[in-house]
Amino acid sequence: MARGLILVPERRELFAAMSVADNLELGGFQRAMRGERGWRSTLDEIYERFPRLAERREQLAGTLSGGERQMLAMGRALMGKPKLLMLDEPSLGLAPLMVREIFNIVAELRSTGVSILLVEQNARAALQISDYGYVLETGELALEGPSAELAANPRVAATYLGRKAVAA
């Protein structure tokens, strides 16, 4: 965190017995310890980006839905003002509507200049919002390249995107 690298882990790792607000404040703890002025004002930015969290600020994190937990985990990470935000499977276990919302949020974050390293099995969604991609097969790098090229690659389309390969 001190070097600007912040991970949102696959399981979100929230403090379930603490409120939404307390979880978010913990995300800004390092900034507070460094004596950074205005770190609390980042809370307003988080609540603006994630209105559901604002509505539930006093609710215990453990009582949130899966999508709300993912938003809280992302919000907590953003409280640290990351240079690089690492997201591990942000869509895991979420309903399709919530997956769409989470990826819209990731795309918005990307447009603000936050660098994002996204590890995601939902290849279609990941390639739509990314600049560059890596395809791993059994732990080995199989392909890499600009996301648009990977999405158009017949092998990627057939294997990961559920489309039939087009004959050349």
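Before going on, some ground rules. This is a predicted model, where local features need pLDDT of at least 70 and side-chain atom pairs count only at pLDDT 80 or more, while totals for chains, interfaces and linings use all residues. Residues are numbered from 1 along each chain as its sequence is written, and side-chain values use heavy atoms, with hydrogens and water left out.

Switch to cartoon next. You'll find nine helices and five strands, taken as DSSP runs (helices H or I, at least four residues; strands E, at least two) and numbered from the N terminus. Walking from that end, the order is β-α-α-α-α-α-β-α-β-α-β-β-α-α. The C-alpha atoms fill a box of roughly 60 × 30 × 25 Å along the principal axes.

Now colour by burial: 39% of the 168 residues are buried, meaning under 20% relative accessible area, with exposed being over 50% and partly exposed in between (1.4 Å probe, protein chains only).

Then select F15, L26, F29 and M33. Together they make a nonpolar surface patch with about 420 Å² of accessible area (Shrake-Rupley, 1.4 Å probe, only the protein chains shown counting as cover for residues). Patch members need over 30% relative accessible area and no salt bridge, with nonpolar side chains joined within 5 Å and like charges within 9 Å; a salt bridge puts a side-chain nitrogen of Lys or Arg within 4 Å of a carboxyl oxygen of Asp or Glu.

Last stop: zoom in on L26, in helix α1 (residues 20–27). L26 is partly exposed, at 33% relative accessible area.
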